[in-house]
Amino acid sequence: MRRTLALSLAALAVTGAALAGCGSSSRPAAAPPAATAPAPVESNPAGDIPDNQAYVAYRYDRGGFTVKVPEGWSRTDAADGGVSFTDKLNRIEIASASATAAPTPRGVTAAVVPALRGQVPGFTVGKVSTVSRPAGQAVVLTYQGDGPADSVTGKVVRDSFERYAFFKDGRQAVLTLSGPTGADNVDPWRTVTDSLRWQ
């Protein structure tokens, strides 16, 4: 079962935690644990969405928009109001929040990246840019992270993420698309992000 990596747009503040130790001992201090390296990328990872995949429109009333999602994928409603659709190793997460202004690359870099760094195992940031879609301009953040270890094999899959933030009339819509690093899902993710329509 994959771990949900969705963030609530209303709670992107990140708090720091300091670790301190004191005391003395005749024994040498233990060395700090080594940082965990990101999961390796498979040469031929699974996760390609079929070219003949059908899509259906999903109306996200909470955010006031519709978006097409792959037909037959499993839907999960989150406690914070977000919705996710999953199939095997791929995932689409949908969220929304009120906003006073459109997102900017600078704002996403300052607020979203640190929040993800603290929540996504093996997080590595890609780039932040803007793209044009039928629903308007969106700020896109790309990054990678480790999925949970398989309960049977212990194998960890390295995932690639694309996070799109749209804005209209005080509303922000966020689509986060993820799948195994190396999977060729450029066209499916374009289909999904092209399909967003404000209601």
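**Figure 1. Three strands of this predicted model form an open, antiparallel sheet in the order β1-β2-β10.** Strands are DSSP runs of E with at least two residues, helices are runs of H or I with at least four residues, and both are numbered from the N terminus. Two strands count as paired if DSSP finds at least two bridges between them. The edge strands, β1 (55-60) and β10 (197-198), each pair on one side only. Residues are numbered from 1 along each chain as its sequence is written. In this predicted model, local features need pLDDT of at least 70 and side-chain atom pairs count only at pLDDT 80 or more, while totals for chains, interfaces and linings use all residues.

**Figure 2. β1 and β2 form a hairpin.** The two strands run antiparallel and are joined by six bridges. Y58 stands opposite V67 in β2. Four residues lie between the strands, and G64 in the turn has a positive phi of about 75 degrees.

**Figure 3. β2 pairs with β10 in the antiparallel sense.** Strand β2 covers residues 65-70, and its pairing with β10 extends over two bridges. F65 stands opposite W198 in β10. Helix α2 (residues 186-194) packs on the sheet and touches β1, β2 and β10 (contact: heavy atoms within 4.5 Å). The direction of α2 makes about 40 degrees with that of β1; axes are lines fitted to C-alpha atoms, for helices over the stretch in contact, and angles run from 0 to 180 degrees between N-to-C directions.

**Figure 4. β2 is mostly covered.** Five of the six residues of β2 are buried, that is, under 20% relative accessible area with a 1.4 Å probe, counting protein chains only. In the protein chain as a whole, buried residues make up 40% of the 199 residues.

**Figure 5. The protein chain has two helices and 10 strands.** Along the sequence, these elements follow the pattern β-β-β-β-β-α-β-β-β-β-α-β. Among contacts between residues at least 6 apart in sequence, 55% join residues at least 24 apart. The chain exposes about 11,600 Å² (Shrake-Rupley method, 1.4 Å probe), and carbon and sulfur atoms supply 52% of that area.

Terms used. Side-chain values use heavy atoms; hydrogens and water are left out. Buried means under 20% relative accessible area, exposed over 50%, partly exposed in between (1.4 Å probe, protein chains only).
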